[in-house]
Amino acid sequence: MIKTVSTTPYEGQRPGTSGLRKKVAVFLQPHYVENFVQSIFDSLEGFAGQTLVVGGDGRHFNRQAIQRVLRIAAANRFGRAIVGRGGILSTPAASHLIRKNRAFGGIVLSASHNPGGPKGDFGIKYNVANGGPAPEGITEAIFKRTNTIAAYRIVESPDLDLDRIGTSQVGDMAISVIDPVTDYQALMETLVDFDRIRSLFGSGFRMRFDAMSAVTGPYAIKILEGALTAPAGSVVNATPEEDFGGRHPDPNLVHAKQLYDLAMSAQAPDLCAASDGDGDRNLVIGRGLFVTPSDSLAVIAANAHLCPGYAKGIAGIARSMPTSRAADRVAERLGIGLHETPTGWKFFGNLLDAGLVTICGEESAGTGSNHVREKDGLWAVLVWLDILAARRRSIAEIVRDHWSLHGRHYYSRHDYEEIDADGANALVKALRDAVPSLKGRRFGSLEVAQADDFAYHDPVDHSDATHQGIRILFAGGSRLVYRLSGTGTGDATLRVYIERFEPDAARHRLKTQDALRDLIGLSHELAGISRHTGRTEPSVIT
Ligand code: VG1
Ligand code: CO
């Protein structure tokens, strides 16, 4: 039944910030999926007879890709595959299943927050035995293999039924189709106090969770409306659609604008929240106050001890370099470690495994803890709910208290999407060349204290990652960071991260873009954004 099919390499199968992401049309080319999946297995050893977890965010091509992944896994002698019913697994749920079942690894089919549908994006990501995204050593080995691959192995079989819970067989490999929510929900019950959250809803607390027609719908319905008794209708857009209803499943102020408008209106519920395509991101908005992901990380870290799963306190915090330094203030106050990593969740895995940190986060709406090895959108919402249930104050009050105690980090990200790649690369190169001469220079009231191209040395496996973004740090705590996106599938995207520290509580109620005005102006001047990209304004501001 095992067939060996000869093939030739495709160019450009290099995983980016989070797996291999391309347009669906690229994945539809003959052998494209097969080449990549076989290259993953060719780069690994010791999986014969072991378990593989497989699932995706339900986007267009999810089911077809899963059929192929399972047949190739069987032909490569995996012993068992665990698949979410209908091919559905949120990224954090997949991470949990890998850990719980001591699987060898997992394959997650998703392009996360990127649009779906036949004209949208698709993605494949490999996760290792700790449940987290493969580290760079492995993704580079996979990429190398894609350049030389000459054949893949596949089992010939009719399509497998992914919609019925139970066990079947493909070749010598057993396939267990499981409910995607059950294990994840059980894990959540160990981390936050479900009784306490139920009584919060019982007291009249109201929320809206926008699943953005993506993977978290079934999870949110079962956990929020089911187990936690949030009123029916609290979860909206709860049915996963192959094209996410035509929207970008990106929970930010642009693509979740309706939710934001509701939160700012007179009818606002106490909490508005959303998650992305694959369920690892979260957006949290209080009545009248948007919580930046960087602040959310800091507030969660500062209050985690209120939740049963973290009652003994947290060991440390990790944040990606562009994420604001609000979390650093919390770590300082608690006397725990703070780790600054490159962008992408794969850099947190070693720190979590070594017990150096408990809570991690990124400015891009990603927050998580040592319960899995991915960021976890619904977890963040549940932790917020439990903090609210424990403290019985509003989100705005909790955040403003937090600022009074730690100071406020005004923070915004400006994205320049779909810019010409040559211009983007030239911009970064010019900045990199300018970095050594920036230290000590003054721009108006701002003086450059330090400037570099961020490099990271992993304290656990001692690997190095270089060229992770240009950062310009000013005296007094302001910062500008520039980097190019590694998840896009078209032209380049320039991300500019802008941060200003404000210790004075009397100045904590400014509008973010006003508070950052000088720095925003300087971000253009220093990088020659319009000269290199032809743009004078960002396309997305978050
Ligand atoms: C973006 C974010 C990054 C995140 C990554 C994957 O990467 O900036 O923080 O880890 O997406 O998130 P980039 O390279 O485009 O800036 V997800 O929800 O797509 O798995
Ligand atoms: Co995601």
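How do the residues of the lining of the largest cavity divide into nonpolar, polar and charged? They divide into eight nonpolar, five polar and two charged, where Ala, Val, Leu, Ile, Met, Phe, Trp, Tyr, Cys and Pro count as nonpolar, Asp, Glu, Lys and Arg as charged, and the others, Gly among them, as polar. The model is predicted, with local features needing pLDDT of at least 70 and side-chain atom pairs pLDDT 80 or more, while totals for chains, interfaces and linings use all residues. Residues are numbered from 1 along each chain as its sequence is written, chains are lettered from A and ligands numbered from 1 in the order written, and side-chain values use heavy atoms, without hydrogens and water.

A cavity is a set of points, on a 1 Å grid over the protein atoms alone, where a 1.4 Å probe fits but cannot get out; lining residues have an atom within 4 Å of a point. Volume is the space filled by probe spheres set on the points, which are joined across faces, edges and corners. The largest cavity holds about 100 Å³ of space. Among its 15 lining residues, Pro15, Gly19, Lys125, Tyr126 and Thr139 are the closest to its centre.

The second largest cavity holds about 40 Å³, and Asp278 and Lys125 are among the residues that line it. Aspartate 278 counts as buried because its relative accessibility is 4%, and buried means under 20% relative accessible area, with a 1.4 Å probe and protein chains only.

Note on methods
Buried < 20%, exposed > 50% of the residue type's maximum accessible area, 1.4 Å probe, protein only. 1 Å grid on protein atoms, 1.4 Å probe; cavity = no way out; pocket = protein on both sides within 12 Å on 5 of 7 lines; lining within 4 Å.
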